[in-house]
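These are my notebook entries on one protein chain.

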Amino acid sequence: MHWTCKLAATILVSVSLYGATEGQVSATDYAEALIAQNQLNECLNNFAALHPHQVLADAKAVDELKASGHDTKPLCGLPFAVKDNIDVVGYPTVAGTPALHGMRPTNSSPIVTRLLEAHGVVLGKTHMEELAEGLTTINPVYGPVLNPYNNVFDVGGSSGGTGGVVSARGAPGGFCSDTAGSCRIPGAHTGTVGFRPSLGCYNAAGGIVPQTTSRDTVGVIARTVRDVILFDSIFSDCHYPRPDLVLKGTRLGYPVNYWKGLDTRTVQTFQAALEALVVAGVELVEFDMGLLTAEGAEIEAELLLAYEMPREVSRYLATHRYNISMMHLVDQIASPYPKALMEQRTSLNLDAWPTPSDYYYNIREVIPKLKELHDRFLSAYNVHLTVTPTTHLPAGPINQVQPWVMYNGKLVDTFDAYGQTVFLGPPLGIPAISIPIGLSTDGLPLGIHFQARPEEDGLLLGFSAAVEKVLPPMPAPPSTPACRGCTPKVKLQAANYSGVGQPGRDDVTSLFTLHFEGQCALKDGVEFADSSNVHTEL
C-alpha cells in the first residue's frame with residue numbers, strides 16, 4: 001500500500017523520511033518511522049502519552065480504507081501530535097497537573113474530531129507547562145521538555161512538547177494552545193512555525209482544559225508555513241481569503257519600540273532576516289506603538305484569569321463528571337508559579353474580587369478601546385501586518401530560566417523577558433505567526449513574528465508563505481546522543497533572589513536543577529559537562 005496523498009507526502013519528505021517521494025511509503029510506514037524517531041529521542045521528553053500499537057492500528061486503518069477505494073485526503077493517515085490539555089478519547093487529559101492524572105474524557109475535543117474526519121491519526125499527547133501557566137515547559141512532576149538544539153535548554157511554553165517533537169522530526173505537526181504566546185514562543189525556541197489563529201476560528205469547545213475564554217485558542221505548530229496552511233484549511237471554521245502575495249511593494253509595519261533591547265546574541269540573525277525582506281521589496285514602515293502597549297497594560301489580565309479560569313475549569317470538571325473539586329485540583333498543583341496564582345484566584349470570594357462589574361468593564365470597555373486603537377494605528381500608516389521579534393532572546397538553560405533568566409548580562413523576570421511582543425495580541429483576538437529565521441550566535445533557534453488585523457488569517461498566512469521563500473532554510477537540530485532508558489527530571493529549590501541588584505553569595509536565582517533518572521548517553525554527557533564546568537570555575 002503506497003502513500004498517494006500529495007500534500008501529506010510533501011510534509012513527509014520534509015520531516016523524517018529523507019529521499020522519500022509520493023507513492024513510496026504508506027501511512028503505516030510513516031507512522032513506524034515517526035515512532036522509531038521518538039523512541040530514539042525518548043529522553044527529550046516530548047510525550048505525555050505515546051501508544052505505538054494504537055498509532056499503527058489507526059494508520060493501518062486509513063491505508064485499508066484507501067485500498068478499498070475511499071478518498072482519504074486531505075491527511076491520508078498523517079500522524080499529528082496533540083497537546084495534553086486537549087481531549088482525545090483513549091488518552092488521559094492531564095494538562096500537566098497531578099489532580100488530573102489518569103483522567104480519561106469520554107469525548108474528543110471538536111478540533112480532534114476534525115483531525116480524524118480529515119483522516120489524520122493522533123500520534124500521542126505532548127507534555128506542557130502545568131495548566132498552561134508558563135513559558136518554558138518545565139514541569140516538577142512530569143519533567144522538562146529538552147530542546148533538540150541544546151539538550152540542557154528549555155523549549156518555550158506552554159506548548160513545549162508539541163514544539164519539541166516537531167523540531168526533533170518526531171511529528172509533521174501538532175496542536176498547541178495559545179493564551180499569551182504558547183504556540184509562538186515554542187515555535188521560536190525550537191526552530192518551528194507557531195501559528196495562533198484569530199480568536200474563535202478553531203473550535204475546541206468543551207474539549208480543552210481552559211484558562212480564559214476571552215483569549216484562549218487552539219493553534220498549530222509545524223515545520224513550514226506551507227504545512228500550517230494545509231492544517232489551517234482543515235481545522236479552521238473561518239475560511240478567509242488567502243491571496244498569493246508578492247513581497248515587492250508590500251508595506252509592513254515596523255514598530256520600533258518592539259525592536260529595542262534585542263539580546264546581543266540575536267542581533268545579527270534578526271538584521272539578516274529584515275535585510276532579506278527589504279531586498280525582496282518589502283517596505284518597512286516605522287512607527288512607535290508605545291501608546292498601544294501602554295493601553296494594553298490597562299487590561300487587567302490577571303483579573304480576567306481570576307474571573308474566568310476558576311469558573312471555566314470547574315465547568316470542565318463537572319461536564320466530564322470527574323470527581324474532583326476545584327480546590328482539590330489547586331491543592332495538588334506542583335509548580336510554584338501556577339500554584340500561587342491559582343490559590344489567589346480561588347481563595348478569594350468570587351463575588352468580591354473581581355466583581356462582575358470589574359470583569360465586564362474590561363470586556364466591554366477596555367478591550368474594545370484597545371482594538372479600536374490598534375486598528376487606527378494600522379490604518380494611519382496604511383499597513384495590514386506588523387513585524388517584531390517573537391522573543392528578544394533565545395531559550396534559556398533549564399538550570400537558569402525560572403523565575404529569572406540572563407538577558408544582556410542581567411537577571412530579568414522570565415515573563416518580562418519573553419513576553420514583550422506576544423502578550424498584546426491575544427486580547428485583540430488577532431492572528432499571529434512565528435517563523436524560524438536561523439540561529440543565535442550560541443546556536444539556538446530564533447523566530448520572527450508577524451501579526452495581522454482580526455480575521456485576516458488568510459492574508460497573514462499568504463504573506464508568511466512568501467516570506468518563508470526568501471529566508472534561509474532553518475538548520476536541523478544536531479543529532480541527540482542516544483537517550484533511550486533515561487528521563488529528564490527537575491528538582492525544586494527555593495529561589496530567594498529578589499530581583500534587585502546583583503544576586504548575593506547566598507541568593508538562589510533558579511527554581512529548578514536538571515537531573516536524569518535511568519542511564520543513557522545524554523545523561524553521561526550532561527553530567528560530564530557539569531563536572532568540567534565546576535572544575536574550571538575552581
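**Entry 1. Cavities.** I worked on a 1 Å grid over the protein atoms alone, where a cavity is a set of points at which a 1.4 Å probe fits but cannot get out; a pocket is an open set with protein on both sides within 12 Å along at least five of seven lines, and lining residues have an atom within 4 Å of a point. Grid points are joined across faces, edges and corners, and a volume is the space filled by probe spheres set on the points. By this rule I found two cavities of 30 Å³ or more.

The model is predicted: local features need pLDDT of at least 70, side-chain atom pairs count only at pLDDT 80 or more, and totals for chains, interfaces and linings use all residues. Residues are numbered from 1 along each chain as its sequence is written, and side-chain values use heavy atoms, with hydrogens and water left out.

I then looked up the largest cavity, whose volume is about 70 Å³. It is lined by 13 residues, and those closest to its centre are Tyr-258, Met-289, His-374, Leu-424 and Gln-451. Two or more lining residues come from each of β11 (385-389) and α15 (425-428); I took helices (H or I, at least four residues) and strands (E, at least two) as DSSP runs, numbered from the N terminus.

Which classes make up the lining of the largest cavity? I counted Ala, Val, Leu, Ile, Met, Phe, Trp, Tyr, Cys and Pro as nonpolar, Asp, Glu, Lys and Arg as charged, and the others, Gly among them, as polar. The lining has seven nonpolar and six polar residues, and no charged ones.

**Entry 2. The largest pocket.** I read a volume of about 700 Å³ for the largest pocket. Its lining holds 30 residues, of which Ala-180, Arg-215, Ala-301, Gly-419 and Phe-423 are the closest to the centre. At least two lining residues are supplied by each of α9 (290-296), α10 (301-319), α12 (336-347) and α14 (414-418). By class, I noted 14 nonpolar, ten polar and six charged residues in the lining of this pocket.

**Entry 3. The chain as a whole.** I recorded 17 helices and 17 strands. The radius of gyration (over C-alpha atoms) is 22 Å, close to the 24 Å of the globule rule for 538 residues, so the chain is as compact as a globular protein of that length; the rule is 2.2 Å times the number of residues to the power 0.38. Along the principal axes, the C-alpha atoms fill a box of roughly 65 × 55 × 55 Å.

I took buried as under 20% relative accessible area, exposed as over 50% and partly exposed as in between, with a 1.4 Å probe and protein chains only. On that scale, 58% of the 538 residues are buried. With contact meaning heavy atoms within 4.5 Å, residues 24 or more positions apart make up 76% of the contacts with a separation of 6 or more. The chain exposes about 21000 Å², 53% of it from carbon and sulfur atoms; areas come from the Shrake-Rupley method with a 1.4 Å probe, and for residues only the protein chains shown count as cover.

**Entry 4. Two loop residues.** Is Trp-259 buried or exposed? Trp-259 sits in the loop between β9 (251-255) and α8 (267-279) and is buried, at 9% relative accessible area. Leaving out residues up to four places away in sequence, I found Trp-259 touching Tyr-254, Phe-270, Leu-274, Val-387, Thr-388, Pro-389 and Ile-448.

Val-89 is in the loop between β2 (79-83) and α4 (110-117).

**Entry 5. Backbone angles.** Most residues other than glycine have a negative phi, and most peptide bonds are trans. I noted a cis bond from Gly-157 to Ser-158, with omega near 10°, and Ser-158 is in the loop between β5 (143-144) and α5 (160-167). The bond from Gln-402 to Pro-403 is also cis, with omega near -5°; Pro-403 lies between β11 and β12 (404-407), in a loop.

Ala-95 has a positive phi, near 55°, and is buried at 1% relative accessible area. Asn-408 likewise has phi near 55°, but is partly exposed at 37%. I placed Asn-408 in the loop between β12 and β13 (410-413).
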